[in-house]
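Subject: A structure for you to look at

Hi,

Here is the structure I promised to pass on. Have a look at it first, and then read my notes below.

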Amino acid sequence: MAKKAILDLDIGVDDTMALMEALENPELDVIGVTTVFGNVPQATSERNALDLTEMLGHPEVKVYPGAKHNLVSEEVFEAPPAIWEIHGKNGLGEVVIPKSDRVAEDIEAADFLAQAIDEYGDDLTIIATGPLTNLALLEQKYPGKLKEAGNVTIMGGAVGVQGNVSPAAEANIGNDPEAAKIVLEESGAPITLVGLDVTMRVMLNRDKVNEWRKLGEIGEKLADEVNYYIDFYEKSTPGLGGCSLHDPLAVAVAANPELVTTVPLDVVVDTEGEMRGRTIGNVKTLRSSENPINVAMLVDAEKFEKQLNDDIQNIIKEAEAK
Ligand code: RIB
Ligand code: CA
């Protein structure tokens with residue numbers, strides 16, 4: 001039976017692909033999308049979640065408002081121009097998609113997550129591909145709740161490699177290290193961490209993306225969106241020919257854990273100085289049997305890349321036919 005799944009997204013080009021993988025993967029039954037600031041302001045992530053679910057033929061998926069800024073800030077997050085270059089100011093690579101008439105639910109992400117954990121418990125998988133603020137707010141409001149979920153799969157961190165927003169920090173952790181500390185160090189939740197260690201090992205190239213154009217207007221829009229993201233990768237790493245696949249890998253791992261090899265570690269998060277945002281295994285507890293976080297270190301790249309491309313093509317075909 002498909003696992004009930006909640007996606008916590010800062011949409012975002014690779015979050016868009018994560019949403020497509022989740023909606024198409026037969027192992028997952030998406031019961032809601034919670035939204036958070038990150039690649040874009042929270043309000044934009046919410047708008048994108050409503051519009052994308054509708055365009056992809058899934059208007060039944062409800063969308064919930066979440067954090068507008070990190071735990072230590074009091075100001076609504078606005079994405080800096082450096083992020084527009086990666087995801088576009090609208091988070092969709094400046095591609096305009098049809099606007100849904102639907103609006104977000106009148107219930108905050110943390111409350112929805114708590115209700116869903118109460119309802120589904122072990123059968124619920126939470127997949128977070130943005131800053132961990134919504135999950136930390138859940139823990140602050142309902143202490144101990146997150147560990148009652150079946151699994152929490154997080155795109156975040158860089159345990160054995162450098163970060164991507166500083167030598168130490170990966171973007172999702174770097175955007176809210178205090179939240180990451182609560183979730184990774186204190187929650188006790190059954191967490192799988194899908195960080196840059198594996199997401200930089202998987203790629204999507206421009207030729208494959210351009211194949212989506214043959215599928216129709218929705219395929220054209222999604223190809224334009226992902227090509228914008230590939231443009232950024234090619235500027236920063238000339239000759240790469242494609243983009244990394246951070247968020248969709250996290251979704252695929254939540255659905256098909258055999259795609260990765262994990263190492264159990266007691267992951268700690270630095271919140272001070274130059275190391276702010278670093279995620280690293282605690283050497284003092286290496287010999288302990290209680291290393292709570294399963295950190296993905298290897299991935300079957302060929303299998304995942306084929307699965308993702310097939311699933312994206314299939315959801316586009318289904319949406320075009322509706
Ligand atoms: O570091 C990669 C992560 O940062 C992904 O979730 C991407 O969407 C960006 O937010
Ligand atoms: Ca993301």
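**What I found**

Tyr 233 has a relative accessibility of 9%, so it counts as buried (buried means under 20% relative accessible area, exposed over 50% and partly exposed in between, with a 1.4 Å probe and protein chains only).

Before the rest, some ground rules. This is a predicted model, in which local features need pLDDT of at least 70 and side-chain atom pairs count only at pLDDT 80 or more, while totals for chains, interfaces and linings use all residues. Residues are numbered from 1 along each chain as its sequence is written, chains are lettered from A and ligands numbered from 1 in the order in which they are written, and side-chain values use heavy atoms, with hydrogens and water left out.

**The chain as a whole**

The chain has 12 helices and 12 strands (DSSP runs numbered from the N terminus: helices are H or I with at least four residues, strands are E with at least two). Its C-alpha trace spans about 55 × 45 × 40 Å along the principal axes. Among contacts with a separation of 6 or more, 81% come from residues 24 or more positions apart (contact means heavy atoms within 4.5 Å).

**The sheet**

In what order do the strands of the open sheet lie? The order of its 8 strands is S3-S2-S1-S4-S5-S6-S12-S9, and the pairing is mixed (two strands pair if DSSP finds at least two bridges between them). S3 and strand S9 (260-265) stand at the edges with a single partner strand each, so one side of each has no neighbour in the sheet.

Strand S1 (residues 3-9) pairs with strand S2 (residues 28-35) over 7 bridges in the parallel sense, and Lys 3 has Leu 28 in S2 as its bridge partner. S1 and S4 also run parallel, joined by 5 bridges, with Asp 8 partnered by Ala 128 in S4. Next, strand S4 (residues 124-128) pairs with S5 in the parallel sense over 4 bridges. Here Thr 125 has Asn 151 in S5 as its bridge partner, and Ile 127 has Thr 153.

Are S4 and S5 covered or uncovered? In S4, 5 of the 5 residues are buried, so the strand is largely enclosed by the rest of the structure. Leu 124, Ile 126 and Ala 128 lie on one side of S4, Thr 125 and Ile 127 on the other, and all are buried. S5 is mostly covered too, with 5 of its 5 residues buried. Asn 151, Thr 153 and Met 155 point one way from S5, and Val 152 and Ile 154 point the other way. In a regular strand the side chains alternate between the two faces of the sheet.

**The calcium ion**

Which residues hold the protein donors of the calcium ion (ligand 2)? They are Asp 10 (OD), Asp 15 (OD), Asp 15 (OD), Thr 129 (O) and Asp 247 (OD), lying 2.2 to 2.7 Å from the ion (donors are N, O and S atoms within 2.8 Å of the metal, or 3.2 Å for Na, K and Ca; water is not among the atoms, so sites may look incomplete). Asp 15 in helix H1 (residues 13-24) and Asp 247 in helix H11 (residues 246-255) are 232 residues apart, so this pair links distant parts of the chain. Both Asp 15 and Asp 247 are buried.

**Aromatic pairs**

The structure holds 4 aromatic pairs (rings of Phe, Tyr and Trp, using its six-membered ring, pair if their centres lie within 6.5 Å; planes under 30 degrees apart count as stacked, over 60 as edge-to-face and the rest as tilted). The rings of Tyr 64 and Phe 112 are stacked, because their centres are 3.7 Å apart and their planes at 5°. Tyr 64 is in strand S3 (residues 63-64) and Phe 112 in helix H4 (residues 109-120), 48 residues apart. Tyr 64 is buried, with a relative accessible area of 7%, and Phe 112 is buried at 8%. Phe 232 and Tyr 233 form an edge-to-face pair, 5.8 Å centre to centre with 80° between the planes. Ring pairs also link Tyr 229, Phe 232 and Tyr 233 into a cluster.

Happy exploring!
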